[in-house]
Amino acid sequence: MKNYKVKIVSLMMAFMAISTACDDILDTEPLGQETGQNYLNDPINAEQAVNAVYDVLHWDEGGKNSGHTYEWMFGDVLSDDADKGSKPGDFLEIQEMSEWRTNSSHGITASTWNNNFHGIYRANFIIENMPNATIDEDLKSRLIGEAYFLRGYYYLYLTQKFGGLPLFDRPVEPGDYRNIGTIQRATLAETLAFIVESFDLASPLLPEIHADDDLGRATSGASRAYKARTMIYEMGVTNSAGFTWQQVLDATDSVIGSGVYSISGVNFAQMIEDEGENGINSVFEVQNVSNNEGWGPIKAGTTNNIIQANRSDWGWGFNNPTQALIDSYETGDPRIACTVYADGDVVHGEVQTIPFPDENSTGYLNRKAAVEPGIRSTTDGKDSPQNVRKMRYADVLLMNAEAAYHTGDATKANNRVNQVRQRAKSSTRPKGSQEGSLGYVAYSAAELTGVLNDISLSGTPLLDAIHAERRCEFAMEGQRFYEMVRTGIYMTYIATLGSEIEANCTSHLITDGVVNPVPVLAIPLNEVQSWGLAQNPRY
């Protein structure tokens with residue numbers, strides 16, 4: 001169990017006192033310099049103000065003028081790993097998005113834009129005002145570093161969905177939004193370079209580890225890992241910002257060399273449970289606690305779990321894993337049972353009845369999002385305390401493997417992949433796989449014979465193995481869509497969905513100056529009109 005979660009509330013006192021927001025996130029009055037500065041001169045207030053930047057990470061069921069928005073709606077359902085699920089007519093916007101037939105008034109994309117630009121605005125307030133605060137210099141530096149990290153995080157979250165963005169390195173001022181056309185969108189490459197710069201600015205200001213009371217805050221390792229993730233995405237989609245695989249190798253080598261993280265001895269099955277949070281395998285995860293909240297904007301927990309849970313039990317049944325995902329695993333891979341469950345499977349000691357096909361589209365549900373009954377009974381079934389894993393050490397190892405491959409070190413690349421495979425092979429069955437029990441049951445030696453053997457490959461088969469390992473390791477964690485785009489296989493997949501969906505997607509591609517076609521969603525209409533922003537293709 002976690003010792004501490006970063007304490008955040010829906011709207012921190014700092015921002016209630018010193019900021020005013022209109023319906024459009026970009027249409028925001030600036031924070032008062034003097035009032036804001038006075039507030040930050042108190043160390044408790046300064047920390048709370050940074051907590052308010054983290055706060056936006058929780059806005060999945062609604063934050064400031066927004067509705068439901070979850071990473072799986074993009075990273076899983078837009079890919080070949082998952083379907084929308086639930087009842088066919090429930091939350092049709094998700095289905096429309098997966099078929100690339102949304103519009104600029106789409107609620108999910110509007111909420112995503114709204115939420116993350118709120119986060120960017122709050123981060124920039126800290127970056128601009130914190131340097132002059134009269135607080136301990138070490139604390140000041142750390143808080144500024146956290147703001148840089150979160151600005152980079154929010155921008156990356158947005159640019160992978162919308163392409164190039166307006167770039168803000170300071171809080172928005174009245175003159176910016178009163179004159180339509182004064183703020184323009186940067187290119188995709190410029191935006192990704194700006195994100196890398198934010199992570200570079202964050203890294204030297206952040207510690208490698210935090211004290212127990214500050215678990216969940218950004219670290220130097222998290223910043224370097226996200227820098228690597230941004231660079232490999234950029235090289236796959238534009239490759240014009242000047243990044244190199246050597247830089248990715250250096251960034252991930254530094255995280256590995258820190259000695260802070262490990263997957264050795266980490267049970268994959270336990271890692272996805274409550275007791276696996278903030279462990280030695282964790283690089284960055286969104287911290288959640290339950291306040292027994294009902295429906296409406298969740299202030300400290302998440303509705304991510306109930307939305308994906310079994311409709312015949314306590315959930316809404318969205319984000320259904322596909323047969324294609326299951327078929328991508330090697331026979332006997334223990335990660336399958338920790339990622340997907342089906343009708344008749346036992347989850348947290350309870351036999352599952354999945355209402356396929358009436359309220360489920362594939363017959364499967366996301367095991368990584370399951371929450372045990374004892375925790376559910378204390379949360380009103382709404383605000384789950386389960387953390388959302390965003391960056392795991394296995395990701396650092398596999399990015400390092402891909403960089404090693406591209407820089408000519410096949411031995412190192414094979415070694416990194418095998419570390420991940422060996423950990424997967426050592427996993428138990430998922431927690432509570434036997435009815436009436438919450439224990440972890442080991443696989444027998446016979447069951448694991450010939451399973452996930454070490455690889456020793458070179459050339460294209462090695463690169464393919466790295467990509468395949470990424471899919472199996474991070475399935476249902478909201479990454480697959482971006483992986484498909486950056487590796488150039490997304491349009492091949494879209495073509496299998498029929499000519500209409502292929503035509504829809506093709507009409508929304510960024511094609512100029514890209515390595516691989518980049519499908520993008522519509523920028524909200526009110527932002528286009530308020531700012532005079534160029535809309536994405538054919539919206």
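**A helix pair in its setting**

Mentor: In this predicted model, 61% of the 539 residues of the chain count as buried. The secondary structure comprises 24 helices and 12 strands, and, among contacts between residues at least 6 apart in sequence, 74% join residues at least 24 apart.

Against that background, consider helix α7, which covers residues 137–162, and helix α9, which covers residues 188–202; their axes come within 7 Å and cross at roughly 155 degrees. Because angles over 145 degrees count as roughly antiparallel, α7 and α9 are described as roughly antiparallel to each other. The crossing in which α7 passes α9 is left-handed. On the α7 side, the contact is made by Gly145, Tyr148, Phe149, Arg151, Gly152, Tyr153, Tyr155, Leu156 and Thr159, while α9 contributes Leu188, Thr191, Leu192, Phe194, Ile195, Ser198, Phe199, Leu201 and Ala202.

As for covalent links elsewhere in the chain, a disulfide is a covalent bond between the sulfur atoms of two cysteines, and the structure holds 0 disulfides. Two cysteines can still be placed by their accessibility: Cys338 is buried, with a relative accessible area of 0%, and Cys472, at 5% relative accessibility, also counts as buried, since the cut-off for buried is under 20%.

Key. Residues numbered from 1 in each chain as written. Predicted model: local features only at pLDDT ≥ 70, side-chain atom pairs only at ≥ 80, totals over all residues. Heavy atoms only, no water. Axes fitted to C-alpha atoms, helices over the stretch in contact; angles between N-to-C directions. Helix = DSSP H or I, 4+ residues; strand = E, 2+ residues; numbered from the N terminus. Parallel < 35°, antiparallel > 145°, perpendicular 65-115°, else oblique. Left-handed = near helix turned anticlockwise from the far one by under 90°. Contact = heavy atoms within 4.5 Å. Disulfide = S-S within 2.5 Å. Buried < 20%, exposed > 50% of the residue type's maximum accessible area, 1.4 Å probe, protein only.
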